[in-house]
Amino acid sequence: MKIAALTSCPTGVAHTFMAAEALKKAAAILGHSIRVETQGAQGTRDALTEAEIAEADVVILATDVRADVGRFAGKPTLETSTSEAIRHTREVIERSMAIVPARLESAPSVEAAAPAVAAPAVTGGKKLVGITSCPTGIAHTFMAAEALQKAAKALGHEIKVETQGSVGAKNQLTPEDIAAADAVVIAADAKVDTSRFAGKPLYMTGTKHAMHKGKEVIETALKQPASTGGDLVSAMEQAKAERSKSRTGPYKHLMTGVSYMLPIVIAGGLAIALAFAFGGIYAGDQKGTLAAALSQIGGGAAFSLFVAVLSGFIAYSIADRPGIAPGMVGGLLAQNLGAGFLGGIVSGFLAGYLTRFLAEKIKLPNTLEGLKPVLILPFLSTIIVGLLMIFVIAPPVQGALNAMTEWLNSMRGTNAALLGIILGAMMAFDMGGPINKAAYTFSVGLLASKVYTPMAATMAAGMTPPLGLALACFLFKNRFDAEERTAGTPALVLGFSFITEGAIPFAAKDPLRVIPALVLGSAVAGAISMASNVQLLVPHGGIFAAMIPGAVTNLVPYLIAIVAGTAVTTTALFFLKRPVVSA
């Protein structure tokens, strides 16, 4: 075996060189070839070349201080201390040999001696996809990926592995890769989004399990059952997954920011609503009271933070982790300078694309590459984005936001109803798609400017499509087949919960008749809500949010808007839908 090793201690003298000599002698006795690099007070000696690292079967890191291991990515790596390398050298080398993935050309084994078992695996191989990720995103990420690839090849299967590391995702899986896969392996010690694998057999484990027992991981993944979807919720999730596959570019990045922002807006909105319930509209002025504390939590903290989170995770979607710092700083500046959510969106895209551009253009030696994602990119991007926000972007965006806020606050009667019709129709048109999300994001963003009427209209309009379909399934059974009638009750629950996507399976079967009915009902709901000046302080929760004191103003008109929109949708479905012959 060929070994590459690195030794280093805090002083960079005694233990560094003692460990190096011990490893050299033990490797020679055991019949292995070894090259050792020492990093000491006098600098790096006997530096390992790229060729030597590439040829090595395993890497031993005997270090007592943090070392740059980025250049060893993809290599089986054993991490230990210099004292262990000095005192138990033979054990260290033997442990390093144990993590080297078994080679096909190695000594005969039980598997090699059974060609009758191996042959069918090659001809009847499966296709898999996988993701590997560890908290630091360096060594274990790539080692696990390599182990899975070798294990799949040994078993006669194919696998494509996406690595999610500190410099972003590499070898990214395409929708076509996922669609063709027979199973999915997630070998991760950090959080991984699995929504794009909906309906696929999926096995989740850690990177160490994948590194040490790759074949077992592959075989277990292929035995996992595929998720089935026979009910409305499954059909809805499948439709959402299919839709998400086609989301690319700016829309995908914006939706990523919105998804991370929502929990903060919801928590903040509910805190403000409770503050109003306990202390009235001027709860924040009652120092030392519970109402004032709740107002400080919601308005003073959460609502001051959510623009920064929106901006930060838009940048994260574009440039991965290096984009978070400039995105959040830019978003916070947008909030503090009065540019609000519009400024946050601008700063998010600016930070993301700028960071990605710098990552591609800045070239460093392999030994310094690890500094890019944690030091160089965040620093440069944050400074540039911050200066642009202060001197160039924020002033005009602030003016535009103030003008829009004043216009919305001045809307009354017919004008308000017209905006409600537009927002309502957008919510129902594609039920969670880009048009729906545009109306929703617009309304959520205005909460930071204390404009609450569009949010009420948007939520009322988003509830009516599944509610109207559920009621129609109950009243006009002959308009729906057996599967749709069974889905009526789940649609009712989804509607009350403000999950507009609950209408997707119905619309997918008969879009030309169902979608116009949904749009009509939602437009009515939005118009009544806006014309009645209903205000909603939280961006989610459906009918359940209305039960919280202070969350909704003009509650009765709000409920009337939901009921009226539902009734219009149901009536329209009666006239537009044709009776089903098999009913």
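Predicted model: local features only at pLDDT ≥ 70, side-chain atom pairs only at ≥ 80, totals over all residues.
**Entry 1: α16 against α22.** I looked up how helix α16 (residues 413–429) meets helix α22 (residues 511–531). The two pack at an angle of about 145°, and their axes are 6 Å apart. I noted the crossing of α16 and α22 as right-handed. On the α16 side the contact residues include G413, A416, A417, G420, G424 and F429. On the α22 side they include I515, L518, S522, G526 and M530. I then sorted the residues of this contact by type: 14 are nonpolar, five are polar and none is charged.

**Entry 2: α22 by itself.** I checked the length of α22 next. Its 21 residues should span 30 Å at 1.5 Å a residue, and the end C-alpha atoms are 29 Å apart, so the two values agree. I listed the buried residues of α22, among them V514, I515, L518, G521, S522, A525 and M530. The cover over the buried residues of α22 includes α16, α18, α21 (504–509) and α23 (555–576). After α22 comes N533, and I recorded its phi as positive, near 60°.

**Entry 3: α17.** I turned to helix α17 (residues 434–446), which has 13 residues. From first C-alpha to last, α17 reaches 18 Å, close to the 18 Å expected at 1.5 Å a residue. Which residues of α17 are buried? I found N436, K437, A439, Y440, T441, S443, V444, G445 and L446. These buried residues pack against α11 (249–279), α12 (290–319), α14 (340–361), α15 (371–410), α16 and α18 (453–475).

Note on methods
Residues numbered from 1 in each chain as written. Heavy atoms only, no water. Axes fitted to C-alpha atoms, helices over the stretch in contact; angles between N-to-C directions. Helix = DSSP H or I, 4+ residues; strand = E, 2+ residues; numbered from the N terminus. Left-handed = near helix turned anticlockwise from the far one by under 90°. Contact = heavy atoms within 4.5 Å. Nonpolar A, V, L, I, M, F, W, Y, C, P; charged D, E, K, R; others polar. Expected span 1.5 Å × (residues − 1). Buried < 20%, exposed > 50% of the residue type's maximum accessible area, 1.4 Å probe, protein only.
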